[in-house]
Amino acid sequence: MVLKEIERKFLVKNTDFIAQAHRSTPIVQAFLNTDPSRTVRVRLKGKKGYLTVKGKSEENGASRFEWEKEITPSDVHALLPLCEPSPIEKTRYEVWVGDSLYEVDIFHGENEGLIIAEIELTNVAQAFEKPDWLGAEVTSEPRYYNSALSQHPYKHWNK
């Protein structure tokens, strides 16, 4: 599937969103390529596998090319040894706020302590409701991309 992904990212102040979540899913993902102009990742999301290619973010950081194909979990496991170091481990919570779906990731392992919420939009100017647990926007900060977190994990940042 080829599409243009438009999303905004926010830090999360607390875990109040968990009580509102209608689903949570464990995710393990790793990157075959972390070049910002073309990241390639493999992901095990629950019991499903995916191969995803993302293009370079536009200047605002909210929009970029994305191509994703479902693959088997055994394909994911076969590709993981070829990936760059430091896979990403997280639990994703899906939370409806008004008409908008937030995907909130609680990171584990080397990125423990980081919680990021993402919201996908149909256009960059789309209005959406911001819940109380939403913190500062980090959409245009590349260090919060999962590909960057695999290279420079949150635990090693000077906060």
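**A short tour: core, arginine, pocket**

Hi everyone, let's start with Phe17. Setting aside neighbours within four places in sequence, Phe17 is in contact with Val12, Tyr93, Val95, Val104, Ile106, Ile115 and Trp133. Please keep in mind that we are looking at a predicted model.

Phe17 belongs to the largest nonpolar core, which has 17 residues. The members that touch the most others are Phe17, Val12, Val95, Tyr102, Val104, Ala117 and Trp133. Which elements give two or more residues to this core? They are S1, S6, S7 and S8. There is also a second, separate core of ten residues, with Phe31, Ile88, Val138 and Leu149 among them. In soluble globular proteins, nonpolar side chains tend to be buried together.

Now, on to an arginine. Arg92 sits in strand S6, residues 88-97. Is Arg92 buried or exposed? Its relative accessibility is 5%, so Arg92 counts as buried. Beyond four places in sequence, Arg92 has contacts that include Arg23, Ser24, Arg43, Glu103, Val104 and Glu118. Asp105 is on that list too, and its side chain makes a polar contact of 2.8 Å with the side chain of Arg92.

Last stop, the largest pocket. The space in it comes to about 470 Å³. It is lined by 23 residues, and Glu5, Arg41, Arg43, Glu66 and Glu120 are the closest to its centre. Strands S1, S3, S4, S5, S7 and S8 each give two or more residues to the lining, and so does helix H2 (146-151). By class, that lining has 14 charged, six nonpolar and three polar residues.

Terms used: Residues are numbered from 1 along each chain as its sequence is written. This is a predicted model: local features need pLDDT of at least 70, side-chain atom pairs count only at pLDDT 80 or more; totals for chains, interfaces and linings use all residues. Side-chain values use heavy atoms; hydrogens and water are left out. Helices (H or I, at least four residues) and strands (E, at least two) are DSSP runs, numbered from the N terminus. Buried means under 20% relative accessible area, exposed over 50%, partly exposed in between (1.4 Å probe, protein chains only). Contact means heavy atoms within 4.5 Å. A polar contact is a pair of N or O atoms within 3.5 Å; within protein, one must be able to donate a hydrogen and the other to accept it, and residues adjacent in sequence count only if both atoms are side-chain atoms. On a 1 Å grid over the protein atoms alone, a cavity is a set of points where a 1.4 Å probe fits but cannot get out, and a pocket is an open set with protein on both sides within 12 Å along at least five of seven lines; lining residues have an atom within 4 Å of a point. Grid points are joined across faces, edges and corners, and a volume is the space filled by probe spheres set on the points. Ala, Val, Leu, Ile, Met, Phe, Trp, Tyr, Cys and Pro count as nonpolar, Asp, Glu, Lys and Arg as charged, and the others, Gly among them, as polar. A nonpolar core is a set of buried Ala, Val, Leu, Ile, Met, Phe, Trp, Tyr and Cys residues joined through side-chain atoms within 4.5 Å.
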